[in-house]
Amino acid sequence: MSPSHNVVDESASLTGTNRFELLLFRLGADKESGQNELFGINVLKVREIVTMPPVTAVAGAPKFSLGVVQLRDQVIPVFDLPSIVGSKLPGEPTLMLVTEFGRTTQAFTVESVDDIVRLDWNQVISSESSGTSHSLVTSMARLDEGTETARLAQVLDVEAILRLVTPEKQRPQVDPKDVGDRINVRPGTFILVADDSFVARALLEQALKAMKVPYEMVKSGREAWDRLTALKAAAEAEGKTILDKVSMMLTDLEMPEMDGFTLTRNIKQDPRMRALPVVIHSSLSGSANEDHVRSVGADGYVAKFSAEELSSIVRKLLASQA
């Protein structure tokens with residue numbers, strides 16, 4: 001059982017509209033509360049949903065690993081997602097999600113798949129606002145708003161989960177040698193960074209510090225847009241432009257309130273901002289997303305997470321400002 005091509009294509013077509021498709025699923029009863037909560041993941045990160053195949057246990061496998069499975073010509077690691085979030089299945093797992101993001105493929109066991117819903121990013125509350133920051137939940141999605149059956153779904157931070165299940169020695173690291181010499185920016189400017197994942201922000205901070213460039217972090221596209229609007233007004237009051245305040249916008253795609261596609265389109269459609277270089281940095285990959293990156297006018301796209309590739313594109317775009 002896999003998301004049909006139509007579902008995936010329709011979901012990809014929503015990029016730039018500030019809407020997305022969320023796959024809803026359950027992971028069994030919470031070990032503390034006993035509640036069977038609703039969880040979600042962006043459809044664009046789900047390759048397929050399959051009945052649980054035979055799993056081969058791997059000697060010395062990391063915590064939460066169930067082993068590996070072979071799907072067609074690929075061997076894929078399988079992780080116990082209920083245990084990762086503190087839940088317990090009523091029996092043996094019978095279903096798993098095969099996911100692709102951040103240049104990796106892996107599978108996670110689930111109890112059941114409920115639905116695929118189409119949401120506006122305005123219906124998603126950031127982890128910072130919902131009091132769940134630095135958890136495995138990146139945000140809370142408000143479902144069926146305005147009805148008596150309104151629900152909340154916990155949108156999982158797949159970057160934090162992948163980091164948790166990856167042995168420490170294999171986790172992405174920032175080696176100063178990978179980013180090269182210091183990158184110079186125009187005096188008085190900084191790189192504005194938007195990402196809602198605390199794991200991604202931590203890696204980006206390491207990389208930008210290694211590049212020795214000034215930066216400022218925000219946690220959503222809405223925050224980034226509000227900040228840029230204020231900086232543009234301040235620059236104009238001084239007889240300057242946005243490029244005298246900000247040297248580059250570095251943004252994630254999936255963010256509460258306003259996604260990276262919408263943020264980029266807003267920047268590029270504003271005559272007084274369109275010269276600002278925008279680089280999209282995302283765990284979403286594939287030709288469809290890269291086509292949409294070009295369509296909204298982004299100046300570059302980097303898949304998470306390679307400090308070397310990030311440094312290369314930042315260096316190239318900032319050199320063009322010199």
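View 1. Ser65 stands opposite Phe79 in strand E6. Here helices (H or I, at least four residues) and strands (E, at least two) are DSSP runs, numbered from the N terminus, and two strands pair if DSSP finds at least two bridges between them. The structure is a predicted model, in which local features need pLDDT of at least 70, side-chain atom pairs count only at pLDDT 80 or more, and totals for chains, interfaces and linings use all residues. Residues are numbered from 1 along each chain as its sequence is written, and side-chain values use heavy atoms, with hydrogens and water left out. Strand E5 (residues 65–71) and strand E6 (residues 74–79) are antiparallel and pair over 6 bridges. Elsewhere along the pair, Val69 sits opposite Ile76 in E6. The hairpin has 2 residues between its strands, and Arg72 takes a positive phi near 55° there.

**View 2. The sheet that holds E5 and E6.** Let us step back to the open sheet of 5 strands, whose order is E4-E8-E9-E6-E5, with mixed pairing. Which strands stand at the edges? They are strand E4 (46–51) and E5, and each has a single partner strand, so one side of each is left without a neighbour in the sheet. Neighbouring strands of this sheet are turned by 30° against each other on average, direction ignored; axes are lines fitted to C-alpha atoms, for helices over the stretch in contact, and angles run from 0 to 180 degrees between N-to-C directions. E6 also pairs with strand E9 (residues 104–110), in the parallel sense and over 2 bridges. In that pairing, Phe79 is found opposite Phe108 in E9.

**View 3. Helix H4 between a sheet and another helix.** H4 lies across E6, strand E8 (95–101) and E9, and runs at about 95° to E9. The axes of helix H4 (residues 158–165) and helix H6 (residues 198–211) come within 7 Å and cross at roughly 75°. The two helices are therefore roughly perpendicular to each other; angles under 35 degrees count as roughly parallel, over 145 as roughly antiparallel, 65 to 115 as roughly perpendicular and the rest as oblique. Which residues make the contact? Glu159, Ala160 and Arg163 take part from H4, and Phe198, Val199 and Ala200 from H6, where contact means heavy atoms within 4.5 Å.

**View 4. A second open sheet, with E12 and E13.** This sheet has 6 strands in the order E10-E1-E3-E13-E12-E11, and its pairing is mixed. Strand E10 (112–120) and strand E11 (124–126) stand at the edges, each with a single partner strand, so one side of each has no neighbour in the sheet. From one strand to the next, the twist averages 35°. Strand E12 (residues 137–143) and strand E13 (residues 151–156) run antiparallel and are joined by 6 bridges. Look for Ala141, whose bridge partner in E13 is Ala153.

View 5. Met248 belongs to strand E16 (residues 246–251). Is Met248 buried or exposed? Met248 is buried, with a relative accessible area of 0%; buried means under 20% relative accessible area, exposed over 50%, partly exposed in between (1.4 Å probe, protein chains only). Leaving out residues up to four places away in sequence, Met248 touches several residues, including Phe190, Leu192, Pro277 and Leu318. Met248 and Leu192 are 56 residues apart in sequence, and their C-alpha atoms are 6.3 Å apart in space.
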